[in-house]
Amino acid sequence: MEIQKIKEHPELVHQAALWFQHCFGIPEESYRKSMEVMLAGSGPVPGWYVAMDGDRIVGGLGVIENDFHDRPDLTPNVCAVYVDEPYRCRGIAGALLHFVCQDMAQAGVRTLYLVTDHTSFYERYGWEFFCTVHDKEGPARLYRHDIPRVAPEQKISLCGDDCALCPRYQAHSQEELHAVAKLWHKVGWRDRVLPPEEIQCKGCAAQKECTYGLKECTAAQGVGNCAACRDFPCKKLEAVLEKSREGEALCKARCTPEEYTALEKAFFHKEENLEFLRNQ
């Protein structure tokens, strides 16, 4: 499953508009026009997102100025949240919500609102009931989500690594990637010096397995990282932290001071980084 921003994939407009129409019974033209406004504009709103299983749309949501209620000051609004029934209970809705929150935060939007008749669903993803609004069908519950602030120089992974400081994440040239491959082999993270195309970091991609099952676990819980999980800290995370402590000792023994400093900043502050996110 992969989440796509339709703004970056305009070829999905027709397919997405038809999919949203099928889900909500609102004419395809309404969705298509909103997407066309999105493609023509430069701002973050409106925004439309879909979860793809191969070529099939299996989930989606949008961000619009107002979801047809009487509080235009409470904006922007997440709308049209839906996951196809065979794909439910897999963390897709949570992943979509997390994705859109991060995307909006990068565009400078720190607060989002959402109208729903659910009373125990969005709370698990950090949304809180804010007030009652009125739409054409009468009173409705409006939820609010304040997106946690992370320093712009940080890029915190599921388990608390600061990817922005990782030598592997920073490496781009062949020379830089080769140096990283030698370092990863030196500390025992790889059994050989890998070629640049294999050592290059591609992030926690959907097709990449997590040794400790954190990627699958956070997806199932519908959270973006371990800090947002209601079970934090769990046994899986404790195993990661214990392995990290062992790795820190190993790196101290094998690395030069400069090499250790680079790895220490990226990998050996997991607990502090997750606590920081959790307290935002």
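Contact here means heavy atoms within 4.5 Å. This is a predicted model, in which local features need pLDDT of at least 70 and side-chain atom pairs count only at pLDDT 80 or more, while totals for chains, interfaces and linings use all residues. Residues are numbered from 1 along each chain as its sequence is written, and side-chain values use heavy atoms, with hydrogens and water left out.

**Figure 1. Surroundings of Trp127.** Trp127 touches Val78, Leu97, Cys101, Leu112, Tyr113, Leu114, Tyr122, Tyr143, Arg144 and His145. Residues up to four places away in sequence are not counted.

**Figure 2. The largest nonpolar core.** A nonpolar core is a set of buried Ala, Val, Leu, Ile, Met, Phe, Trp, Tyr and Cys residues joined through side-chain atoms within 4.5 Å. Buried means under 20% relative accessible area, exposed over 50%, and partly exposed in between (1.4 Å probe, protein chains only). The largest core has 26 residues. Leu61, Val78, Leu97, Met104, Leu112 and Trp127 touch the most other members. Strand E2 (47–53), E3, E4, helix H3 (92–106) and strand E5 (111–116) each give two or more residues to this core. H3 gives the most, with 8 residues. Helices (H or I, at least four residues) and strands (E, at least two) are DSSP runs, numbered from the N terminus. Apart from this core lies another, of 18 residues, among them Val13, Ala16, Met38 and Cys79.

**Figure 3. His69 in its loop.** His69 lies between strand E3 (56–64) and strand E4 (77–83). At 9% relative accessibility, His69 counts as buried. The side chains of His69 and Asn77 are joined by a polar contact of 2.7 Å. Such a contact is a pair of N or O atoms within 3.5 Å; within protein, one must be able to donate a hydrogen and the other to accept it, and residues adjacent in sequence count only if both atoms are side-chain atoms. Beyond four places in sequence, His69 touches Leu74, Asn77, Val115, Val133, His134, Asp135 and Leu142.

**Figure 4. Helix H8 against helix H10.** The axes of H8 (residues 235–254) and H10 (residues 270–278) come within 10 Å and cross at roughly 140 degrees. Axes are lines fitted to C-alpha atoms, for helices over the stretch in contact, and angles run from 0 to 180 degrees between N-to-C directions. H8 and H10 are therefore oblique to each other (under 35 degrees is roughly parallel, over 145 roughly antiparallel, 65 to 115 roughly perpendicular, the rest oblique). Leu237, Val240, Leu241, Ser244 and Arg245 in H8 meet Lys270, Glu271 and Leu274 in H10.
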